[in-house]
Amino acid sequence: MNSQILKIAERIKDLREFSDFSQKELAISAHIPLEDYMEYEAGTKDIPIGHLYSIASALSIDPTVILTGEDNLSSAPCVVYEGKGMKVDRYEGYSFTSLAHNFYGRAMEPMIVTLDEGVEPELVIHSGQEFNYVLEGSIRVIVNDREYYLRKGDSIYFNADKPHAQVSMNGTSKFLTVILEK
């Protein structure tokens, strides 16, 4: 596992213990199977972004605290200059840059996702809705059992409670995603 995943796992454990939850109690509260939760906290399994949000919600904290370990959130306008967002390397060939990581109480999660060709991510499910807009390259978006092929300038909007994933079709692709959690 990469060091970023191990740091996130350690933060989750610390936050859980600070909040006086057992692993089982937090897994139930976050609607995550206990075995999966235990692997996330041990740092032996990558945590899907939807599960990070579920854990943060169960702990009544902003997901940014889990991702960065910092709680310097503000309700002032959040300005992110080019190249200055909070970058997270999820795994080899998949990274995202949060564009509102320090805005307190945000209803949406805007991110720039960078995908390398050949990376086949697992299908994920999370609450709310998701919007993807292709900035560079082309991507294949899988929602349920359908596939949609998008090029630069194309977009898709869907309910994120359906299994979904994005795959780069040629070289490195970038897309803006905005997730509205419910």
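**View A. The buried residues of helix 1.** Helix 1 buries Ile5, Ile8, Ala9, Arg11, Ile12, Leu15 and Arg16. Buried means under 20% relative accessible area, exposed over 50%, and partly exposed in between (1.4 Å probe, protein chains only). Helices are DSSP runs of H or I, at least four residues, and strands are runs of E, at least two, numbered from the N terminus. Down the axis of helix 1, these buried residues fall within an arc of 160°, so they line one face. The arc is that of the directions from the helix axis to the C-beta atoms. This is a predicted model, where local features need pLDDT of at least 70, side-chain atom pairs count only at pLDDT 80 or more, and totals for chains, interfaces and linings use all residues. Residues are numbered from 1 along each chain as its sequence is written, and side-chain values use heavy atoms, without hydrogens and water.

**View B. The other face and the cover of helix 1.** Ser3, Glu10 and Phe18 are exposed on the face turned away from the buried side. Cover for the buried residues includes helix 2, helix 3, helix 4, helix 5 (63-68) and strand 1 (86-91). Contact means heavy atoms within 4.5 Å.

**View C. The end of helix 1.** Asp20 follows helix 1. Its phi is positive, near 60°.

**View D. Helix 3 and its neighbours.** Asp36, Tyr37, Tyr40 and Glu41 are the buried residues of helix 3 (residues 34-42). They fall within an arc of 130° seen down the axis of helix 3, so they line one face. They pack against helix 1 (3-18), helix 2 (23-29) and helix 4 (49-58). Gly43 follows helix 3, with a positive phi near 80°.
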